Amino acid sequence: MDTIDLRSDTVTQPTPEMRAAMAKAEVGDDVYGEDPTINALEKLAAERMGKEAALFVPSGTMGNLIALLVHCQRGDEVIVGDLAHPFLNETGGMAALGGIQAHTLRNQPDGTLKLEDIEGAIRADDQHHPITRLILLENTHNRCYGSALGADYIGQVGTLAKAHGLGLHIDGARLFNAATALGVEAKELVAAADSVTFCLSKGLCAPVGSVLCGSDEFIRKALRARKMLGGGMRQAGVLAAAGLIALETMTQRLGEDHARANALAEALREMDALEVFPQHTNIVRFKFKEGAAMGPVELLAAMKERGVLISWGGAWGMRALTHYWIDDAALKHTIEAFRGVLQSA
Ligand code: TLP
């Protein structure tokens with residue numbers, strides 16, 4: 001059996017259908033706006049998000065950074081969760097490249113920020129203070145166990161943002177997982193947002209790429225920021241061809257990944273040594289209970305010997321993600337491998 005790679009859904013390889021579409025994609029110079037496949041992808045993405053326009057970008061990280069650069073000036077502040085990916089895992093790009101200050105608020109276990117905390121964090125108009133410009137939410141929330149933020153909550157944050165003249169950006173790297181889990185259309189989850197980034201490259205299996213969506217004016221500014229960051233790609237229609245399949249068909253099957261993640265979480269809950277956190281979508285997070293006979297380093301090594309890769313984020317515990325390439329046989333093998341390793345410890 002091939003290695004079963006559950007470290008992330010970023011490891012997904014393009015499907016055979018994607019490879020075929022990539023091989024015959026029509027391309028042009030996208031910096032001239034002449035790549036028909038990218039243009040088609042951007043049009044479809046904007047439609048799916050219910051926004052006026054969209055921009056194909058190389059990664060979720062760049063999409064979030066561009067959004068921050070467009071919403072904020074140097075010295076401005078963004079209200080963001082302390083467990084949010086753009087704060088924790090994007091190399092401090094907002095500070096390094098945008099001079100943007102993160103005003104972090106405690107993320108609740110369900111990935112939300114308390115409305116009263118947000119309200120309390122908005123700066124008064126005072127020469128001593130930075131200017132609060134933006135609120136940033138993440139959906140699904142990676143560190144908060146893949147939880148899905150609902151349209152009602154996001155609407156309330158949007159109302160708060162508007163009342164204070166702030167923008168709302170959503171890091172929707174796994175937005176379609178959230179939409180699937182909640183049984184709603186993705187656009188309902190971003191209706192209150194000014195901008196959203198979603199990734200084609202994670203559970204949707206495209207090899208590269210994310211899409212940033214917003215108003216025409218926002219995307220015009222985003223285009224300049226993308227160029228500045230060196231993200232103006234040329235004949236990248238070969239990538240967008242996979243992105244179109246990601247968006248059209250791969251968004252429809254994420255429920256399967258969630259069901260397998262649920263089965264994995266249930267099986268892990270039966271193992272005495274482990275504490276398994278709530279599972280919502282395709283992310284399963286767990287850690288060893290106090291006094292367990294084994295630690296993450298040993299578990300990862302023993303699982304690897306059995307052909308299964310999982311990841312360990314120190315104090316954050318261990319993580320296994322299901323995705324297109326994890327079928328029922330792979331899931332069965334994984335559960336048996338966990339049982340074998342933990343029962344022999
Ligand atoms: N997440 C990766 C790692 O960076 C941790 C993963 O394996 O989960 N937003 C969210 C919520 C993400 O989870 C990620 C990637 C990104 C943005 C960044 O996307 P890329 O990798 O395309 O820059």
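Trainee: What is the volume of the largest cavity?

Mentor: This is a predicted model, in which local features need pLDDT of at least 70, side-chain atom pairs count only at pLDDT 80 or more, and totals for chains, interfaces and linings use all residues. Residues are numbered from 1 along each chain as its sequence is written, and side-chain values use heavy atoms, with hydrogens and water left out. A cavity is a set of points, on a 1 Å grid over the protein atoms alone, where a 1.4 Å probe fits but cannot get out; a volume is the space filled by probe spheres set on the points, which are joined across faces, edges and corners. The largest cavity has a volume of about 50 Å³.

Trainee: Which element gives the largest share of the lining of the largest cavity?

Mentor: Lining residues have an atom within 4 Å of a point, and here they are Thr61, Leu65, Leu68, Pro86, Glu90, Gly92, Gly93 and Met94. Helix H3 (60-71) and helix H5 (93-98) are the elements that give two or more residues; helices (H or I, at least four residues) and strands (E, at least two) are DSSP runs numbered from the N terminus. The largest share, three residues, comes from H3.

Trainee: What is the volume of the second largest cavity, and which element gives the largest share of its lining?

Mentor: The volume of the second largest cavity is about 40 Å³. Its lining includes Gly172, Arg174, Phe176, Phe198 and Lys202. Helix H8 (175-182) and strand S7 (195-199) each supply at least two residues, and the largest share, three residues, comes from H8.

Trainee: Why is the pair of tyrosine 145 and phenylalanine 277 given its class?

Mentor: Rings of Phe, Tyr and Trp (its six-membered ring) pair if their centres lie within 6.5 Å; planes under 30 degrees apart count as stacked, over 60 as edge-to-face and the rest as tilted. The count by this rule is four aromatic pairs. The centres of tyrosine 145 and phenylalanine 277 are 5.1 Å apart with the planes at 15°, so the pair is stacked.

Trainee: How many residues apart in sequence are the parts that this pair ties together?

Mentor: Both tyrosine 145 and phenylalanine 277 are buried (under 20% relative accessible area; exposed is over 50%, partly exposed in between, with a 1.4 Å probe and protein chains only). Tyrosine 145 lies in the loop between strand S5 (132-138) and helix H7 (151-163), and phenylalanine 277 in the loop between strand S9 (274-276) and strand S10 (283-288), so the parts tied together are apart in sequence by 132 residues.

Trainee: Which residue has a side chain joined to that of threonine 10 by a polar contact?

Mentor: Threonine 10 lies in the loop between strand S1 (4-5) and helix H1 (16-23) and is partly exposed, with a relative accessible area of 45%. A polar contact of 3.0 Å joins its side chain to that of serine 8.

Conventions:
1 Å grid on protein atoms, 1.4 Å probe; cavity = no way out; pocket = protein on both sides within 12 Å on 5 of 7 lines; lining within 4 Å. Polar contact = N/O pair within 3.5 Å; in protein donor to acceptor, adjacent residues only side chain to side chain.
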